[in-house]
Amino acid sequence: MTDYGHELRFGTFLPAEAETATETLRLARLTEELGLDLTSVQDHPYQARFLDAWTLLSVVAAQTSTLTVFPNVANLPLRPPAVLARSAASLDVLTGGRVELGLGAGAFWDAIAGMGGEVLTPGASLEALEEAVGVIRALWSTERSARVDGTHYRLRGAHPGPPAAHPIGIWIGGVKPRMLRLVGRLADGWLPSAPYVPPPQLAEANRRIDDAATAAGRSPGDIRRLYNVAPGQAPLAGHPRTWASQLADLALGEGMSTFVLMVQAGGDGVLRTFAEDVVPETRRLVAAARGATEAPAPAAAPEVVSVAAGDVPGAVALWDESQRPAGPVPGTPLTAAQRASGQHLVDVHDHLRQELEQLRDLVEQVAAGGMDVGRARSMINTMTMRQNAWTLGTYCESYCRVVTTHHTIEDVNLFPRLRAADPRLVPVVDRLEAEHHVIADVLERVDAALVAMVSRPDGIADVRKAVDLLGDTLLSHLAYEERELVDPIGRLGLF
């Protein structure tokens, strides 16, 4: 788990079409009215139906008083970095420090060429981006003159200024390994989009950034992790009641600390839900988890039997379900609002169940491919099998972190409130917390099996057994928790 401790921030990614310009400005004002922190627009200067990004951001800034504005992300090949540096600093001065700089290496090169821009190879575009960061920072410095000698961009005694009102962050959008290493070396933030970098891929990307930062003598915590998210797609999948838990998982487990909601024209409903329901709950969950100064004291170990996990060498045995305590008998039927509150727990659990089924399916796919490893003659077949195994490892590690984070949130936030609200629930909550420790042991077994899989051709068999044990343990635990807690959560209004 990685939590860089950054303050959570939330914002919007607004449409930039000229024909809905009035609507975009209204959504920007609504973003501020709802208490969010920042807003952004895309930058595609070659797209005739789009407004110019910097002009639009300037008007948005003029019509708001607290929102931070930034391009998501600025198209470097069509915006000379020296001019971009002065544009950002000037708008920062005019807004009293409400500007950040999202920056990209460029895409859609035919369209860029049509606007007179230079077409670059992937390697050259990365080199140009690195030089551009140097130019921008040089013109934001307090030196008397700035000199940068690069292949693509140069400064020959230019005078820095005007000084920005605050230290502007450079947030780079990019997903390829070389780009991630550049982020680690030079950037103030990483700005991916969930449709292109789904949650299971964040861990590996962040690892590359962190390794590059450490190698450059920087702290990985110096780099803010931002995430453009879209309703209906992970991490905003499923019912909106589950969104806060999913975002909290990413904040605590992957270090993502700024979530930017992609909003369409007329998207008031989803924006209000995000700002009024999801954002406060995400803040509360993360604050509760961060506020735990030490791990919760282990509860008494649950009764276990010795038969459930015999086919997994050294694995912990599952508990005796017959020894689980029961809480108070439900009273009068719940109201609709109370049922919705209790249903939130089920929605979160359903997400865990769905991801578990995907994990199991991936294990079976890798296992099926591994059966033919002895007959694999071509390099491409061998590489495919290795890639499948790597994908399984990444997905599995991500799922284990999600489960661990969910249990941590319950231990430090939900369970203490249940104990305080109804003493009759104490035995149930103690048992559930103890089961979290057993599941943590099972997750360790999964991790160990994944490590062994790298060095042993038949290691997928142990991964399959470990994941099967995790599935049996976790599904049993989720069902017990729902049986005992959905009604009390609804009556007490704890979600």
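Are arginine 225 and aspartate 210 buried or exposed? I looked up both residues in this predicted model. Arginine 225 is buried, and aspartate 210 is buried too.

I then placed the partners: arginine 225 sits in strand S10 (residues 224-229), and aspartate 210 sits in helix H7 (residues 202-215). They are 15 residues apart, and the pair links distant parts of the chain.

I turned to arginine 324 next. Its side chain meets that of glutamate 435 in a salt bridge, again listed at 2.8 Å, N to O. Arginine 324 lies in the loop between helix H9 (268-291) and helix H10 (336-370). Glutamate 435 belongs to helix H12 (residues 426-455), 111 residues apart from arginine 324. Arginine 324 has a relative accessible area of 12%, so it counts as buried, the cut-off being under 20%. Glutamate 435 is at 0% relative accessibility and therefore counts as buried.

Which residue does arginine 185 pair with in a salt bridge? I found glutamate 130, with the closest N and O atoms 2.8 Å apart. Arginine 185 is in helix H6 (residues 177-186) and glutamate 130 is in helix H5, 55 residues apart. Arginine 185 counts as partly exposed because its relative accessibility is 33%, between the 20% and 50% cut-offs. Glutamate 130, at 34%, is likewise partly exposed.

**Entry: salt bridges overall**

I searched the whole structure and got 26 salt bridges. I also picked out a network of them that links Glu204, Arg207, Arg208 and Asp211.

**Entry: nonpolar cores**

I looked up the largest nonpolar core and found 88 residues in it. Leu103, Ile172, Trp190, Phe259 and Phe274 have the most contacts inside this core. Helix H5 (residues 122-139) gives the largest share of the core, 10 residues. Another core lies apart from it, with 27 residues, including Leu356, Val366, Ala466 and Leu478.

I followed up on phenylalanine 274. Leaving out residues up to four places away in sequence, it touches Phe10, Gly11, Leu36, Leu247, Phe259, Leu261 and Val279.

**Entry: whole chain**

The protein chain has 13 helices and 11 strands. Of its 495 residues, 52% are buried. Among contacts with a separation of 6 or more, 78% join residues 24 or more positions apart.

Conventions. Residues are numbered from 1 along each chain as its sequence is written. This is a predicted model: local features need pLDDT of at least 70, side-chain atom pairs count only at pLDDT 80 or more; totals for chains, interfaces and linings use all residues. Side-chain values use heavy atoms; hydrogens and water are left out. Helices (H or I, at least four residues) and strands (E, at least two) are DSSP runs, numbered from the N terminus. Buried means under 20% relative accessible area, exposed over 50%, partly exposed in between (1.4 Å probe, protein chains only). Contact means heavy atoms within 4.5 Å. A nonpolar core is a set of buried Ala, Val, Leu, Ile, Met, Phe, Trp, Tyr and Cys residues joined through side-chain atoms within 4.5 Å. A salt bridge is a side-chain nitrogen of Lys or Arg within 4 Å of a carboxyl oxygen of Asp or Glu.
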